[in-house]
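Please keep the sequence and the coordinates in view while reading.

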Amino acid sequence: MEILGATLRIYVDDLDKAIPFYEGLAGGRAMRFERGGVQVAAVGCFLLMSGPESQLEVLRKVVATIAVTDVEETARVVRELGGEVIAGPVPTPAGRNLIARHPDGAVYEYADRRA
């Protein structure tokens, strides 16, 4: 399993207002999509999210998003090391992801760019 980087999860009230600031920081354009009623913008190492509090409450339990080369391999490694895959792998607009709980209780999203 190869970890390629991590994404900071940021929850905002107004996605349209927040995007220009983060595009300026990251030096790139935001990729926007919607997932489960939550509006999302990925820009550089930032993942901005805005939506109903009931949906954000669940998302806030995830500490970070970790980019990996292959979520299937990641699921195997997480389980071998005593972690638990609690959702996925499933397709996303940008590849695939899974949600895993580490033995210490922390919850992470792992994502790859595979179709």
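Leu-25 is found in helix 1, which covers residues 15-26; helices here are DSSP runs of H or I with at least four residues, strands are runs of E with at least two, and both are numbered from the N terminus. Because its relative accessibility is 51%, Leu-25 counts as exposed, where exposed means over 50% relative accessible area, buried under 20%, and partly exposed in between, with a 1.4 Å probe and protein chains only. The C-alpha atom of Leu-25 is separated by 29 Å from that of Val-71, and the two residues are 46 residues apart along the chain.

Two aromatic pairs are found when the whole structure is searched. In one of them, the rings of Phe-21 and Tyr-22 have centres 5.1 Å apart and planes at 85 degrees, so the pair is edge-to-face; rings of Phe, Tyr and Trp (its six-membered ring) pair if their centres lie within 6.5 Å, with planes under 30 degrees apart counted as stacked, over 60 as edge-to-face and the rest as tilted. Phe-21 counts as exposed at 52% relative accessibility, whereas Tyr-22 is buried, with a relative accessible area of 16%. Ring pairs link Phe-21 and Tyr-22 with Phe-46 into a cluster.

## Basis of the model

This is a predicted model, in which local features need pLDDT of at least 70 and side-chain atom pairs count only at pLDDT 80 or more, while totals for chains, interfaces and linings use all residues. Residues are numbered from 1 along each chain as its sequence is written, and side-chain values use heavy atoms, with hydrogens and water left out.

## Fold and dimensions

The protein has three helices and eight strands, and along the sequence these follow the pattern β-α-β-β-β-α-β-α-β-β-β. For 115 residues, a compact globule would have a radius of gyration near 13 Å, and the 14 Å of the protein agrees with this; the radius is taken over C-alpha atoms, and the globule rule is 2.2 Å times the number of residues to the power 0.38. Along the principal axes, the C-alpha atoms fill a box of roughly 45 × 30 × 25 Å.

Of the 115 residues, 39% count as buried. Among contacts (heavy atoms within 4.5 Å) between residues at least 6 apart in sequence, 49% join residues at least 24 apart.

## A cis peptide bond

Most peptide bonds are trans. A cis peptide bond, with omega about 5 degrees, joins Gly-88 and Pro-89, and Pro-89 lies in strand 6, residues 84-92.
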